[in-house]
Amino acid sequence: MLLTLIVFVPALAGVIVLASPARAAKWIAGGFSLAVFLASMWLYFGLLGDSSPNFGTVMDPQWYINATWIDVAINSFHFKVNYALGADGLSIPMLILNALLTFLAVIGSWHIEKRVKLYMAMLLILETGVAGVFAAFDLFLFFLFWEIELIPMFLLIAIWGGARREYAAWKFLIYTLVGSAFTLAGIFLIYFEEGGRDASFQHFAQNGLNLTGALPFFGTTVSLGLVTFLLLFSGFAVKIPMWPVHTWLPDAHTEAPTAVSVLLAGVLLKMGAYGLIRICLGFVPHGAMEFAPVLGIFAAINVLWGALASMAQQDMKKMIAYSSVSHMGYVLLGVAAASAAGSLNLAFRQAALTGATLQMFTHGTITGMLFFSVGVLYEKAHTRDIDVFGGIGKRMPTLMLLYSVACFAALGLPGMSGFVAEYLTFTGSFATLPVVTILSVFGVVLTAGYLLWMLRRSFYGPLNMKWSWLTDANAREAFPLVALAVVIIFVGIFPTPMLNLLAPTLSQMIHHMTPVIGG
Amino acid sequence: MDFVSYAWVIPALPLAAMILIFFGTRPLEMLARRRASGETAGAGHSAGHDHDASATDAHASPAVSAQGEDTHGASHSGGHSENGGATPFWAMAGSVIGVVAMVLAFFVAVGVLVEFLTTKDNNLIQHGQYIFLFDWFRFGNLDYTIAFRVDQLTAVMLVVVTGVSMLVHLYSIGYMEGDPGYSRFFIELALFTVAMLILVLGANFLVLFIGWELVGLSSYLLVGFWFDAAPEPPGSDLDLPYPPAAALKAFLTTRLGDFGFMIGILILFFSTGTFDFGALNSAATYTHVNQVALTAAMILVFCGAVGKSAQFPLHVWLPDAMAGPTPVSALIHAATMVAAGVYLVARLFPLYHFAAGPQSLEVVGYVGGFTALFAATIALVQNDIKKVLAYSTISQLGYMFVGLAVGPNNALGIFHLFTHAFFKALLFLGSGAVIHALGTQDMRKMGGLARYIPITAATFLVATLSISGFPFFAGFFSKDPIIGQAFDYGTTHGGNYTLYGLTIVTAFLTAFYMFRAYFLTFGGRYGQIAGFWGAERAYRGEAHPHPPSWVMWLPLVILAFPAALAGYWSSFANFLTKGATPAVNISDYINSAFSDKLTLIGIVVALAGIALAWLMYGVQALPAKVFTGNPIGKGIHALLMHKYYMDDLYRLIIKYVVLGLAHLTVLFDRYIIDGIVNGSGMAVRGLGAATRRTESGNTQGYGAAIFGGALIILLLLFFAVGVLKL
């Protein structure tokens, strides 16, 4: 019931916002999104009661609800969709992150004047779509939510975006739709290959190991596992985004309003990573193992390519967008290393996968903070060009402090969550994929380069008198930044609760895969 | 009392000070400032942040900021009122909290050291004390533990770090007086101290690396402390570093070294499954480890040390780091943080010496030896007093690495680290007193200053004698054994005396350039006692030098004692090696220093360096033109002035290689990937004329678009299903 509330209350709130007067829109949206955030915190704290809390696994989800929804049988064709929602260590952090960022996005959108009712409604409907993706425990239901999310996001970019908003919105839509089409094909393939009667996650997780065999392919054969993996992964790869299907992201981010960028980078990209881990890795371990070395190479390309491209940017937002490409590369690296074949200590695999999962959460908070920081600056200066500023740190010391915190978190400074995630990923992934890990570690140097170089050009040095009128961030503007900084530093210093939440789920997954990948 | 178990208090104290200042006194100070500006000026700067606008504007305006730090110095000299002169009450309260915390931490640290010196508990002597803080996580048998370990090496480092930090805190009250960022300075100073203490207390690579990166952060913050300073105008030949650029350079250069360090950690962790130094340093861990991998790992770990300890080729950041306030240079960029690389190698010494192949320590030794000479040559021609000291730091760090590479244990390198921390901190604080007194750091505008600031001059002379290896001073007892051991190393390594040659030549150069700096600053021609003391006639500047306040000269006097006498800890090696090295009593210790022919050579070389400096700069009997007048000398001089063109080389690499690649990726994205995407996108959009006319908010159009998208999915789906013959 709790999950149903978390998923559908935002949409309901969206309808209420549309039906209410415009001046109440922000308050209604803020109130509901705060309530949803508190409810999603209960997903975690509600389980803490026992001395050894059970956070669930894919086989044994918590907060589980299951009801038959569609059940059509025509001859041998059996199409069955259940309304099944559940949560475990992999999804609870994502659900919390989604609720937190949506709440902060509403606060961060307080200045929006243009069609504010529709805007707030779209933010809330987006929350429903994303929460549904993380909560669904039925593959078709998962895909339904996956597609629902597109509509509000498309409109948010296309209506409230910048100068090239139409191009960016279309690019986002087409990229995602094409990728999703393959994913849907993959869903059908796995559904029918595994009985065609049950689309529940438990079913696929249980039977994933049976997905062996070969398919004819232009005179030769390819393994069924690999084909299924690649089909499913196509949509996820676009969302993550993985090089070379990443170019929608910089455009979407550049055009989207601040809060939408926060959600886009904070939770929408995580949908791809979540799909990769939950579905590709969990349900198709054979395919994951076969693809792992290639995925590792893509991971290193993501990391280095994103970092290099960031370095060449003039637009702060575009720079952060490319930095997302780079940082999501660490997620890919961890996943690739966890699923790569090899006989070795399982703990290394688990470290890599835990690092990747933590990176998903941590990237959501850190990039959210970066985008909010740019947003504060942009609302005042109406430009994001790094070089037109200069020395503005003197006029905006609070913003400089918070922006610097975000930058240092992003470059993996200890004491902040990014370091924990990267350190875990690297120490784990080196065991199976040493070369790509070494390449990825170099990304850390480049990340420091572009972020600090940006700070230097915009905030340091003598004040460019053109900006002498700039005022510092006020309390409302600083609130999302401070809130995220608290989360980032807490997880960075004491990640234990977070990792304990992840551990059972990921451990079950790794152990489940062991017969395939070796251990 | 059981100090060792409470060693965690040592970093906790500056941490508490940092939090108190950040959340307590600094907001109060800002509040008070806002109220004051509301009462007096009313208009204008109501923002009330810690950069008082009028002061910083003056700082940045080209007229005043002819030279970055000069402005700063000048703002102090004569008590100019542009910074409000005195430090505000709450800012002062914050700094007092910092000093008190450091005094307490120092006493605990001394307690720890004394306990190690006096303990009879063999378990404590052999294994130190393990202080578990908390677990991050455990997977199977992989532990990510946050834990401290105190042993003899850590105890020595604790005293050095807290001692120098305490004195620098005190000194900064005077040096930073009235600076608009006064509170921020003490926050960052405390942050550095915490980080450095975590670094030396860490029981495993995880904790050490946390401290390692955090000192990098505080170094970045403190080098860039005057982040709003203006760059040096063209035409100045002093080449003063520009704080924002220097901070960036420091962070990135050390991070480049950390790249290797991290990979070294990864190899070690993969091979052994542990981060713990205790486990890593015991031979049993390596029975199954590939020695080639281990050697590579140790060389990679040394890369981190090369970055942090500013060894060739990653030394370029340290001279620029002098853009930070001088107390920072003393604490971070001379005494403690830059020694972290030496500490790292010393910490892992058993690994280097016994487990890994001999190549790993050879790399350490040759990099150190080469750097020692390389940096010393650059120091010969510097006119900026801080630059001389910066290059001398790089050079002395090189000595420490040589000491680690050639020694039978880590005591040689660490002993030099120990003595160097005191005399180098003293040199920097002394130079700070000079800069504070004059408002310039150009030695050509100094001379004869011993007449005006005698305490500074006398203490500076003590430190100069010490670093030059003058007999009976601390530096002599720590540096000369390294040179001697380098000779023995040559003997046992097939007569390859390269390291000995490098270190002995460096010893000569060190004595020369340090006394050159002393004569140029405090004595010189027309000075008293044949140029060894100051006189008004010898002074070449215009500004009237004013003596430092007690908070500034007291640390100098205190530091002069260890700078002169630290070498008399004759049982240092015995202590550090847990009794593996025999103890010696002081008279034997001094006698043995002279029984050796090598030592006499060392003394002669040091005296020759001092004599040459005296001839050239003390009495100017031998003008520098003799050397730079001919074309070859001129060429060498230009090469040294340009620091062997290393900075220019890095600039070219960044500009053309790194940024070139960066722009290539963007072009690839724009023209290749997006070319394909836009092409196919146009084809899709061409399918329906309705979609082409979409306007924002035209929901019908979007509905159609999404429906079209769904159609595409279905088509592709049927295609896929058909192909796969389901």
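Arg255(B) pairs with Glu213(B) in a salt bridge, with the closest N and O atoms 3.0 Å apart; the term covers a side-chain nitrogen of Lys or Arg within 4 Å of a carboxyl oxygen of Asp or Glu. Arg255(B) sits in helix 9 (residues 243–272) of chain B and Glu213(B) in helix 8 of chain B, so the pair ties together parts that are 42 residues apart in sequence. Helices here are DSSP runs (H or I, at least four residues) numbered from the N terminus, while strands are E runs of at least two.

A word on the source: this is a predicted model, where local features need pLDDT of at least 70 and side-chain atom pairs count only at pLDDT 80 or more, while totals for chains, interfaces and linings use all residues. Residues are numbered from 1 along each chain as its sequence is written, chains are lettered from A and ligands numbered from 1 in the order in which they are written, and side-chain values use heavy atoms, leaving out hydrogens and water.

Over all chains, the whole structure has 21 salt bridges. Between chain B and chain A the count is one. Here are two salt bridges with their distances.

| Pair | N to O distance |
|---|---|
| Arg255(B) and Glu213(B) | 3.0 Å |
| Lys171(A) and Asp674(B) | 2.7 Å |

Now for the interface. Chain B puts 76 residues into the contact and chain A 83, contact meaning heavy atoms within 4.5 Å. About 7,100 Å² is buried between the two chains, 78% of it from carbon and sulfur atoms; buried area is the accessible area (1.4 Å probe) that two parts lose on being put together, summed over both. On the chain B side, Trp136(B), Phe139(B) and Arg255(B) lose the most area to chain A, together 9% of what that side buries.

Back to helix 8 of chain B (residues 205–223): its packing partner helix 13 of chain B (residues 326–335) lies at an angle of about 155 degrees, with the axes 11 Å apart. The two helices are therefore roughly antiparallel, a label for angles over 145 degrees. Ser219(B), Leu222(B) and Val223(B) of helix 8 of chain B meet Val328(B), Ile332(B) and His333(B) of helix 13 of chain B. By class, that makes four nonpolar, two polar and no charged residues.

In chain A, the axes of helix 13 (residues 316–339) and helix 14 (residues 346–381) come within 7 Å and cross at roughly 170 degrees. That makes helix 13 of chain A roughly antiparallel to helix 14 of chain A.

Conventions. Axes are lines fitted to C-alpha atoms, for helices over the stretch in contact, and angles run from 0 to 180 degrees between N-to-C directions. Angles under 35 degrees count as roughly parallel, over 145 as roughly antiparallel, 65 to 115 as roughly perpendicular and the rest as oblique. Ala, Val, Leu, Ile, Met, Phe, Trp, Tyr, Cys and Pro count as nonpolar, Asp, Glu, Lys and Arg as charged, and the others, Gly among them, as polar.
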